[in-house]
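Student: I have not worked with this structure before. Could we go through it together, one topic at a time?

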Amino acid sequence: MLNGLIGKKLGMTQLFQEDGTVLIGTILEVGPCHIVQKKTEKTDGYISVQVGYEESKSQRVSKPLAGHFKKAGVPPLKHTKEFAMKSKDEDVELGDKIDVGIFKEGDIVDITGTSKGKGFSGTIKRHGFSGQPKSHGGMARRRPGSIGQASYPSRVWKGMKMAGHMGSEKNTTQGIRVIKIDIDNNIMIVKGSVPGPNGGLIKVKFTTKGSGVSATS
């Protein structure tokens, strides 16, 4: 069995429990994914499987990729990712379709997505600076202030917290519990929030912390 699949974020919802509590969850479409390539220790030096997600029009796929998909016997796909196999003894074949059924309710997963882009942002929004005084004619309220360099070293240190592009970064939220699975519609609902906008591509993997088996909390 693969240790993860590709999908997309659909939105957020509320789930009302029998005891009257409410769980805030994120709805994900996970799969179906096609097996596009198998990598082995003999040919590549390691074992993994490349999967593809979301069918695309043939004219929107480059010729090398079109040949790659044709060799695997799958339709043109928009996204491909590599995943390790949870068991080296298990075998999968090119063209196989894998759906959300590899997960079950109670599993603990790590979800990777691309955060929402915020554009060019100042230090207060980007790094949480407190700003400078408002009173007595201060005119530097939201400015970053001194960055601490004088004649030495006469340059700005790398990593200095300054204004710049914010968001649109790869982020992973770890240890999220799966609270509902709908195999017929390839839908998974997880507890809490997930990086990225609605419709954004996400990667769901069994957690790397602990065993990744059913949680009790």
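Student: Which residue in β11 does D182 stand opposite?
Tutor: In this predicted model, D182 stands opposite I187 of β11. Strand β10 covers residues 170-182, and β11 covers residues 187-191.

Student: How many bridges join β10 to β11, and do they run parallel or antiparallel?
Tutor: The two strands run antiparallel and are joined by 4 bridges. They form a hairpin with 4 residues between them.

Student: Which residue in that turn has a positive phi?
Tutor: That is N186, with a phi of about 55°. N186 is found in the loop between β10 and β11.

Student: Is N186 buried or exposed?
Tutor: N186 has a relative accessible area of 12%. Buried means under 20%, so N186 counts as buried.

Student: What does N186 touch, then, leaving aside its neighbours within four places in sequence?
Tutor: With those set aside, N186 is in contact with L28, E29, V30, G31, P32, D99 and V100.

Student: Back to β10. How many bridges does β10 form with β7?
Tutor: Strand β7, residues 108-114, pairs with β10 over 6 bridges in the antiparallel sense. One of the positions involved is I108, whose bridge partner in β10 is R177.

Student: Let us change topic. Which residues touch the most other members in the largest nonpolar core?
Tutor: They are L28, F103, I111, M188 and V204, in a core of 28 residues. The elements that each supply at least two residues of this core are β1, β2, β3 (33-39), β4 (48-55), β7, β10, β11 and β12 (201-206). Apart from this core lies another, of 6 residues, including F69, A72, V74 and L77.

Student: Which residues form a nonpolar patch on the surface?
Tutor: M12, F16, V22 and I24 form such a patch, with about 400 Å² of accessible area together. β1 (4-16) and β2 (22-30) are the elements that give two or more residues to the patch.

Student: Now charges. How many salt bridges does the structure hold?
Tutor: There are 4 salt bridges in the structure. K8, E54 and K78 are linked in a network.

Student: How accessible are K8, E54 and K78?
Tutor: K8 is partly exposed at 22% relative accessibility. E54 is partly exposed at 26%, and K78 is partly exposed at 48%.

Student: Which residue forms a salt bridge with D107?
Tutor: D107 forms one with K104, and their closest N and O atoms are 3.2 Å apart. D107 counts as buried at 1% relative accessibility, whereas K104 is partly exposed at 46%.

Terms used:
Residues are numbered from 1 along each chain as its sequence is written. This is a predicted model: local features need pLDDT of at least 70, side-chain atom pairs count only at pLDDT 80 or more; totals for chains, interfaces and linings use all residues. Side-chain values use heavy atoms; hydrogens and water are left out. Patches are made of residues with over 30% relative accessible area and no salt bridge: like charges are joined within 9 Å, nonpolar side chains (Val, Leu, Ile, Met, Phe, Trp, Tyr) within 5 Å. Accessible areas come from the Shrake-Rupley method with a 1.4 Å probe; for residues, only the protein chains shown count as cover. A salt bridge is a side-chain nitrogen of Lys or Arg within 4 Å of a carboxyl oxygen of Asp or Glu. Two strands pair if DSSP finds at least two bridges between them. Buried means under 20% relative accessible area, exposed over 50%, partly exposed in between (1.4 Å probe, protein chains only). Contact means heavy atoms within 4.5 Å. A nonpolar core is a set of buried Ala, Val, Leu, Ile, Met, Phe, Trp, Tyr and Cys residues joined through side-chain atoms within 4.5 Å.
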